[in-house]
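Welcome! Please take a moment with the sequence and the 3D structure shown here, and then read on for a guided tour.

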Amino acid sequence: PKHMQQRVTNTRLLYQFDRVFSPEATQHEVYDVACAPLIQSALDGKRVAIFAYGQTGSGKTYTILGPAGLVGTEEGAAMHSASSIHDEGLIQRAVRLIWAERTRMEGTRRAFAVQVVCVELYNESCRDLLTGQAATVALLPGRTTGPLGKVDVRNIHPTVADTQEEVLDLLQQAAANRQTDRTHRNATSSRSHAVFQLRFMPVATRTSADPSMQHHNKYGSVSFVDLAGSERLETQQVGSKQLNEARSINLSLAHLAQCVTDLAQNNKHVNFRNSQLTWLLQDCLGSNPDESQCAFVVNLSPLPRHAWESKYSLNFAYKISLGIRAARNEGAPANAWGASV
């Protein structure tokens, strides 16, 4: 509505984040700042998550997957045919780094295999994007831990990839299987959260009794999370199906923001189970800096008519950023919580 846009236009709002990219920033710049350091942490055994947040059409999927994330659309076909290393998303760049490290570690005590898992969270239900099967987020029994910590997804089939090309083919297949729909903002708006996981599984080259194996004989993982569009209900021209989708999306995003804030402020109780998204990624978001780390990339539309939605996205990011800065200012251990915006 015009009166809402006017309120944003006439008000000077200041936000503070770890890094702000100009519209001219390249994919490589975003990768260097928001992704590359976390990939190394994952290779060292941490559980890492990288989130892309923003309204529909702001560039979340392009940030994560590049042109490969727009498969099945005329825009995607044109971009993919003309794509280059310049256009690659965070995942493609991360895979190159991971494979360079995998090759370097072959035959050593730090050798690892790469598993690919792709799941979709749609209306609080979980689905394997590679098989189409319904899946369930669940706690692992006893003190068992896996690539995601104390939780995992049942009824999925992790795929071991032997080459970089296999990883990228699987990711493109998963992206094509997501729930999308036409909205007034985007012909192929993502109506679900997609979690693209690369899990690093230890390959024992010495006996497990070898003390030198103890530090490295553990799981690491990186989850690239392409969140569904965050626009508010009153700005959408939707039917009942899209209305329910939007409610589910916005509720899960609100739970995500609350969990992150609670973690950053060292609250004793963090209610991860309010949402499938936060339950699945609770140990990637977790407050133990020795085991987890995350980053949020907030995408904004530069168009004046989207000013109100941009403000909404900035408020979400600022809420998370405030919690992180408050934790940093209190000193260790809270300031070690591994998150950035």
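## A covered helix

The buried residues of helix α3 are Ala36, Leu38, Ile39, Ser41, Ala42 and Leu43, where buried means under 20% relative accessible area, exposed means over 50%, and partly exposed lies in between (1.4 Å probe, protein chains only). That makes six of the eight residues in α3 (residues 36-43), a helix that is mostly covered. Just after α3 comes Gly45, with a positive phi of about 110°. Helices (H or I, at least four residues) and strands (E, at least two) are DSSP runs, numbered from the N terminus.

This is a predicted model, in which local features need pLDDT of at least 70 and side-chain atom pairs count only at pLDDT 80 or more, while totals for chains, interfaces and linings use all residues. Residues are numbered from 1 along each chain as its sequence is written, and side-chain values use heavy atoms, with hydrogens and water left out.

## The chain as a whole

The protein chain has 11 helices and 12 strands. Of its 341 residues, 51% are buried. A contact means heavy atoms within 4.5 Å. Among the contacts in the chain with a separation of 6 or more, 71% are between residues 24 or more positions apart.

## Strands inside the structure

Where does strand β11 (residues 292-299) sit, enclosed or open? Seven of its eight residues are buried, so β11 is largely enclosed by the rest of the structure. Strand β1 (residues 47-54) runs parallel to β11, and eight bridges join them; two strands pair if DSSP finds at least two bridges between them. For Ala49, the bridge partner in β11 is Cys294.

Another residue to look for is Val153, which is found in strand β5. Val153 is buried, with a relative accessible area of 8%. Leaving aside its neighbours within four places in sequence, Val153 is in contact with Val119, Cys126, Ala135, Thr136 and Leu280. Thr136 is 17 residues from Val153 along the chain, and their C-alpha atoms are separated by 5.4 Å.

## Charged pairs

Side chains of opposite charge can pair when their charged atoms come close. A salt bridge is a side-chain nitrogen of Lys or Arg within 4 Å of a carboxyl oxygen of Asp or Glu, and by this rule the count comes to nine.

One of these joins the side chains of Arg96 and Glu88, at 2.6 Å from N to O. Arg96 counts as partly exposed, at 35% relative accessibility, whereas Glu88 is buried, with a relative accessible area of 18%. A second example is Arg104 with Glu101, whose closest N and O atoms are 3.0 Å apart. Why are these two separated by about one helical turn? Because Arg104 and Glu101 are three residues apart in helix α6 (residues 90-105). Arg104 is exposed at 55% relative accessibility, while Glu101 is buried at 11%.

The salt bridge between Asp152 and Arg199 has an N to O distance of 2.9 Å. This pair links distant parts of the chain, 47 residues apart, with Asp152 in strand β5 (residues 151-154) and Arg199 in strand β9 (residues 193-202). Both partners are buried: Asp152 has a relative accessibility of 15%, and Arg199 has 2%.

## An enclosed space

Rolling a probe the size of a water molecule over the atoms shows where empty space is left. On a 1 Å grid over the protein atoms alone, a cavity is a set of points where a 1.4 Å probe fits but cannot get out, and lining residues have an atom within 4 Å of a point. Grid points are joined across faces, edges and corners, and a volume is the space filled by probe spheres set on the points. A search of the whole structure finds two cavities of 30 Å³ or more.

The second largest cavity has a volume of about 50 Å³. Its lining is made up of Leu121, Tyr122, Asn123, Glu124, Arg191, Ser192, His193, Ser248, Ile249 and Ser252. The elements that give two or more residues to this lining are β2 (112-122) and α8 (240-264), and α8 gives the most, with three residues. By class, the lining has three nonpolar, five polar and two charged residues; Ala, Val, Leu, Ile, Met, Phe, Trp, Tyr, Cys and Pro count as nonpolar, Asp, Glu, Lys and Arg as charged, and the others, Gly among them, as polar.

Conventions
1 Å grid on protein atoms, 1.4 Å probe; cavity = no way out; pocket = protein on both sides within 12 Å on 5 of 7 lines; lining within 4 Å.
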